[in-house]
Amino acid sequence: MIHVALLGFGVVGSGTAEVLTQNKSIIEKKIGQEINIKYILDLREFPDSPFADRIVHDFNTIANDPEVSVVAEMMGGSHPAYDFTVACLKAGKSVVTSNKEVVANFGTELLALARQHGVSYLFEASVGGGIPIIRPLREDLASNNVTAISGILNGTTNYILTKMDVEGASFAEVLKDAQQKGYAEANPAADVEGLDAARKIVILAAMAFGKRIDPNTILCEGITGITSADSELAKEMGYTIKLIGYTTKVDGKILAMVSPRLIPRDNPIYGVSYVNNGILVNADMVGQVMFYGPGAGKLPTASAVTGDLVDIMAHTPAGIISPVWTDAAPEEIADPEDYACRHLVVLNAPFEGGEQIAAQFTLHALRVIGDRFSFITDVMTEAEVKARIAAVGYPLVSRIRVL
């Protein structure tokens with residue numbers, strides 16, 4: 001019998017207990033052993049829960065029990081989740097997690113610690129909710145040279161942007177609707193400012209390139225500045241706006257960034273709507289593959305957590321191919337100013353200012369509405385487009401990168 005402990009009994013923790021119980025017979029057939037949820041760590045009591053007798057409040061009860069071989073951490077936040085993870089790995093217990101903050105901030109250290117103690121540290125549920133993406137990068141695409149990953153990594157912002165696109169509503173209106181429906185937190189900053197997506201793209205970049213970048217240092221732009229006018233203009237031009245996490249290499253250096261992007265109709269991400277996530281992986285052998293589905297939610301995320309548990313329980317830790325990361329040195333990280341793409345630029349300029357604008361830019365998809373000039377540029381670096389906008393001399397209304 002394999003004894004499992006769960007750290008946290010919130011949405012994902014309770015969902016994991018539900019999956020392990022409801023599909024117990026299926027899981028046990030796959031691992032060839034019985035499975036038992038021995039402990040559930042939480043500060044609260046759950047007297048009406050069928051798992052009430054498993055609830056413990058002292059982490060040391062789990063850490064010091066040699067029968068517990070696998071732990072699922074679903075607490076959220078860096079501490080004490082990180083500290084408990086370190087203690088479990090040092091005690092010879094494999095750990096799986098849905099905690100993107102811990103993986104993004106401490107993944108290099110925790111993976112090394114797991115290898116040092118002959119156990120596993122897996123984190124499928126940290127990106128994409130129920131969408132398989134970490135394991136395919138670790139195993140199925142292991143023979144490929146990944147060249148780029150781009151994705152909708154946050155369901156809250158995708159819901160907001162989809163509603164703005166479909167209904168023409170303002171950001172504030174749709175945010176309120178998302179909060180009422182439970183898609184956005186009372187304090188939505190981590191989502192709408194791009195911080196959640198930043199942690200996830202850092203994890204995907206590390207999976208692709210073996211180097212972890214501090215998520216607090218990457219270019220990160222949220223959607224709070226996107227207006228209904230931006231959304232309507234994008235639609236007129238045949239695009240939609242999505243918040244995209246993106247990673248690639250620029251001159252051999254790793255770039256990771258989060259920002260709103262114009263998505264053309266022929267891009268598979270174009271049709272990923274509302275709370276769904278979609279992730280595109282470009283690689284040299286397979287070409288382009290897409291992973292699509294629910295990016296959050298109780299049971300989808302619990303499904304990913306449980307998948308990692310099954311992976312560990314069905315194999316010895318040495319039989320699982322664990323990622324190997326190192327922290328990227330400053331010279332290995334690309335300067336975002338060197339990244340090149342097309343840009344949608346909207347300038348506040350009089351009609352006669354068009355000649356001055358055209359002297360700096362080749363104007364694609366030009367729109368002139370009142371005193372606003374909007375156009376899409378040629379491919380140019382961040383530094384170049386900023387310099388040319390400054391040279392034009394007219395106030396910038398908005399600039400959105402094109403994927």
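I call a residue buried under 20% relative accessible area, exposed over 50%, and partly exposed in between, with a 1.4 Å probe and protein chains only. By that rule C341 is buried, at a relative accessible area of 6%.

**Ground rules.** This is a predicted model, in which local features need pLDDT of at least 70 and side-chain atom pairs count only at pLDDT 80 or more, while totals for chains, interfaces and linings use all residues. Residues are numbered from 1 along each chain as its sequence is written, and side-chain values use heavy atoms, with hydrogens and water left out.

**Cysteines.** I looked for disulfides, meaning pairs of cysteine sulfur atoms within 2.5 Å. The structure has zero of them. C88 is buried, with a relative accessible area of 0%.

**The sheet.** Next I turned to the strands. I took helices (H or I, at least four residues) and strands (E, at least two) as DSSP runs, numbered from the N terminus. Two strands pair if DSSP finds at least two bridges between them. I found an open sheet of six strands with parallel pairing. Its order reads β3-β2-β1-β4-β5-β6. Which strands stand at the edges? They are β3 (55-56) and β6 (121-122). Each has a single partner strand, so one side of each lacks a neighbour in the sheet.

**Around β2.** I followed the bridges strand by strand. β1 (residues 2-7) and β2 (residues 35-41) run parallel and are joined by six bridges. H3 has N36 as its bridge partner in β2. L7 has L41 as its partner there. On to β3: β2 pairs with it in the parallel sense, over two bridges. Here L41 turns up again, opposite V56 of β3. I then asked how many residues of β2 are buried. Five of the seven are, so β2 is largely enclosed by the rest of the structure.

**A197.** A197 lies in helix α10, which covers residues 195-209. Is A197 buried or exposed? Its relative accessibility is 3%, so A197 counts as buried. I listed its contacts (heavy atoms within 4.5 Å). Leaving aside residues up to four places away in sequence, A197 touches L153, L243 and V258. I also noted T157. A197 and T157 are 40 residues apart in sequence, with 9.6 Å between their C-alpha atoms.
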